[in-house]
Amino acid sequence: TSALRRETGAGTAMVWMVKDVTDQRAARTQPQWLAQHDALTQLPNRESLTLWLQHWLDERRKPANAAGEGARAANEGGVLLFLDLDHFASVNDLAGHDAGDALLRHFARLLETLVRHPGAVARLGGDEFAVLLPDASAREGRAHAEQLCQAISVWEASYQGQRFWLGVSIGMVVL
C-alpha cells in the first residue's frame, strides 16, 4: 500500500494505491503452518510442542531487566500433561478409521474448549495429545488433569449413531 499526498491551494488531496497481498501471504505461511499442525485435527503437532517448550525455557533463562521484567521467578514452573485415549483402538476396529478420525477431531475440539489461554493443546500422534500449562503448579496441574478426566468421562463419543466409551490416561510432568 502506498499513498501520495499533493498539496493544493485550499486543501490536501490524497491518492491511494492498494495492492492485495492476501494470497501471497497465505502462500508463504501455508507450508510453515502445515509443518507445525496436525492435518487431521488441525491442532498444533509435536514440532509445535517442541517449539513452545523451547520458547518457554528460553523465556525463563532471560535475566530480569532493571524494572524486574523479563525473567520469571525461579519458583514459577509449568506443567505438561500427556493424554492417551483409552479404548480408542476399539473404535477403529468396530466402526472403521473414518469413525476414529471423526472422534479424534471431536476430541481435539473438546480439549480446545477445556484448556484456556495461556494453556496450549497439541496432538502428538495417534490418540496421544499434550497440554502445556505454563506457570501452573503441580497442584494446579493435578486439578486440571482431574477436570479433563471428568469431562472426558461424561463425553458421549458417537459416530453415525454408534456410541463408544472412551476414557483418558493422563501423565504429568512438572517443569
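**Salt bridges, a helix pair and a hairpin**

Histidine 37 sits in the loop that runs between α1 (22-35) and α2 (46-61). The model described here is a predicted one. With a relative accessible area of 18%, histidine 37 falls under the 20% limit and is therefore buried. Once its neighbours within four places in sequence are set aside, histidine 37 is in contact with Gln42, Leu43, Pro44 and Asn45.

Side chains of opposite charge can pair when their charged atoms come close. Six salt bridges are found in the structure, and three of these pairs are described here in turn. In one of them, the side chain of aspartate 38 meets that of arginine 123, with an N to O distance of 2.9 Å. Aspartate 38 and arginine 123 are both buried.

Another salt bridge joins aspartate 135 to arginine 60, and here the closest N and O atoms are 2.4 Å apart. Aspartate 135 is placed in the loop between β5 (128-134) and α5 (138-154), while arginine 60 is part of helix α2; the pair therefore links parts that are 75 residues apart in sequence. Aspartate 135 counts as partly exposed, because its relative accessibility of 32% lies between the 20% and 50% limits.

Two packed helices are described by the angle between their axes and the distance between the axes. For helix α3 (residues 88-95) and helix α4 (residues 97-114), the angle is about 140° and the axes are 6 Å apart. This value makes α3 oblique to α4. On the α3 side, the contact is made by Phe88, Val91, Asn92 and Ala95, and on the α4 side by His97, Ala99, Gly100, Leu103 and Leu104. Of the residues in this contact, six are nonpolar, three are polar and none is charged.

β4 runs antiparallel to β5, and five bridges join the two strands. Within this pairing, valine 121 stands opposite valine 131 in β5. The two strands form a hairpin with two residues between them, and glycine 126 in the turn has a positive phi of about 55°.

Aspartate 127 is also located in the loop between β4 and β5. At 16% relative accessibility, below the 20% limit, aspartate 127 counts as buried. Not counting residues up to four places away in sequence, aspartate 127 touches Leu83, Asp84, Leu85, Phe88 and Leu104. Two of these partners, Phe88 of α3 and Leu104 of α4, also belong to the contact between the two helices. The C-alpha atom of aspartate 127 is separated by 8.6 Å from that of aspartate 86, a residue 41 positions apart from aspartate 127 along the chain.

Methods. Residues are numbered from 1 along each chain as its sequence is written. This is a predicted model: local features need pLDDT of at least 70, side-chain atom pairs count only at pLDDT 80 or more; totals for chains, interfaces and linings use all residues. Side-chain values use heavy atoms; hydrogens and water are left out. Helices (H or I, at least four residues) and strands (E, at least two) are DSSP runs, numbered from the N terminus. Buried means under 20% relative accessible area, exposed over 50%, partly exposed in between (1.4 Å probe, protein chains only). Contact means heavy atoms within 4.5 Å. Axes are lines fitted to C-alpha atoms, for helices over the stretch in contact, and angles run from 0 to 180 degrees between N-to-C directions. Angles under 35 degrees count as roughly parallel, over 145 as roughly antiparallel, 65 to 115 as roughly perpendicular and the rest as oblique. Ala, Val, Leu, Ile, Met, Phe, Trp, Tyr, Cys and Pro count as nonpolar, Asp, Glu, Lys and Arg as charged, and the others, Gly among them, as polar. A salt bridge is a side-chain nitrogen of Lys or Arg within 4 Å of a carboxyl oxygen of Asp or Glu. Two strands pair if DSSP finds at least two bridges between them.
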